[in-house]
Amino acid sequence: MEPHRTTQKAEAAAGAGMLQRLLHWLTVLGVLLLFAGGGVWGVITLRDPAVLPLKLVRIDGELRNLDRRELEQAVGAVVDGNFFTVDLDAVRAAALKLAWVDQVTVRRIWPDTLNMWVEEQQPLARWGDSQLVNGRGGVFTPESEALKPELPSLAGPADSATEIVARYQRMGSRFAVLRLDIDRLVMDGRGAWTVGFKQGMELKLGHTDTEARVDRFVRLYPMLEQAEKRRVKRVDMRYANGVAVLWGEAS
């Protein structure tokens, strides 16, 4: 075989191989572009509010003080988009702006429902003149008629609610053995504590060694009840080596 014919065949084979590889890569590129175009089309389609629109917002939870219509209006103002694009964080934030809403969970239920689980505030006591506080020290401002006078009253500096609630709960269990119920607990700006009881007595604890003073009072009070026929009106524990007792009329 002549050398130049062999060379021509080799060159033709190499050219055919290059063409085949080029066609292969063009095919792959076309498939990738097709998928990319389809993905973009899918994203655009799924963001269309007309595709898979939300048809129902379901609110679950035991609501006693919270106005369901007010909640529906607050949430409805931020429900936008469709099943996939609705902003769950915005819905949750809108609900949490309402005074009686404590915690909210929001989730999608296929194919057209938004489900909200709402936990209502559980007031532990009144806070100051116009607010309520829950058992975690969370302060909220409800309508004025919700400030029930039978709730105990807690008061203190603006950032002290968590501390005062914790102290109220600890003291309450200590005083329960004496059959005394806290009606008022106040921490003033200096950190001094005053306790008022539903039984009509006041306890002054001051701002130092308050836990030790509570212990002393728990030991002392039964003796005070037996020592006099008169009613104890105020006990002042702010003395290092004693107490001051104010007596009221006989009960």
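Student: In which loop does Arg179 lie?

Tutor: This is a predicted model, in which local features need pLDDT of at least 70 and side-chain atom pairs count only at pLDDT 80 or more, while totals for chains, interfaces and linings use all residues. Residues are numbered from 1 along each chain as its sequence is written, and side-chain values use heavy atoms, with hydrogens and water left out. Helices (H or I, at least four residues) and strands (E, at least two) are DSSP runs numbered from the N terminus. In these terms, Arg179 lies in the loop between H4 and E8.

Student: Is Arg179 buried or exposed, and what is its phi?

Tutor: Buried means under 20% relative accessible area, exposed over 50%, and partly exposed in between, with a 1.4 Å probe and protein chains only. Because its relative accessibility is 63%, Arg179 counts as exposed. Its phi is positive, although the residue is not glycine, and lies near 60°.

Student: Which residue in the loop between E10 and H5 has a positive phi although it is not a glycine?

Tutor: The residue in the loop between E10 and H5 has a phi of about 50°.

Student: In what order do the three strands of the open sheet stand?

Tutor: Two strands pair if DSSP finds at least two bridges between them. Strand E1 (56–60) and strand E2 (101–109) each have a single partner strand and therefore stand at the edges, one side of each being left without a neighbour in the sheet. The pairing is mixed, and the order is E1-E3-E2.

Student: Which residue of E3 is the bridge partner of Leu56?

Tutor: E1 and strand E3 (residues 113–120) pair in the parallel sense over five bridges. In E3, the bridge partner of Leu56 is Thr113.

Student: At what angle does helix H3 run to E2?

Tutor: Axes are lines fitted to C-alpha atoms, for helices over the stretch in contact (heavy atoms within 4.5 Å), and angles run from 0 to 180 degrees between N-to-C directions. Helix H3 comprises residues 88–96 and lies across E2 and E3. Its angle to E2 is about 155°.

Student: Which aromatic residue does Trp100 pair with?

Tutor: Rings of Phe, Tyr and Trp (its six-membered ring) pair if their centres lie within 6.5 Å, and planes under 30 degrees apart count as stacked, over 60 as edge-to-face and the rest as tilted. For Trp100 the pair is edge-to-face, with 5.2 Å from centre to centre and 65° between the planes. Trp100 is in the loop between H3 and E2, whereas its partner is in strand E6 (residues 139–140), 40 residues apart. That partner is Phe140.
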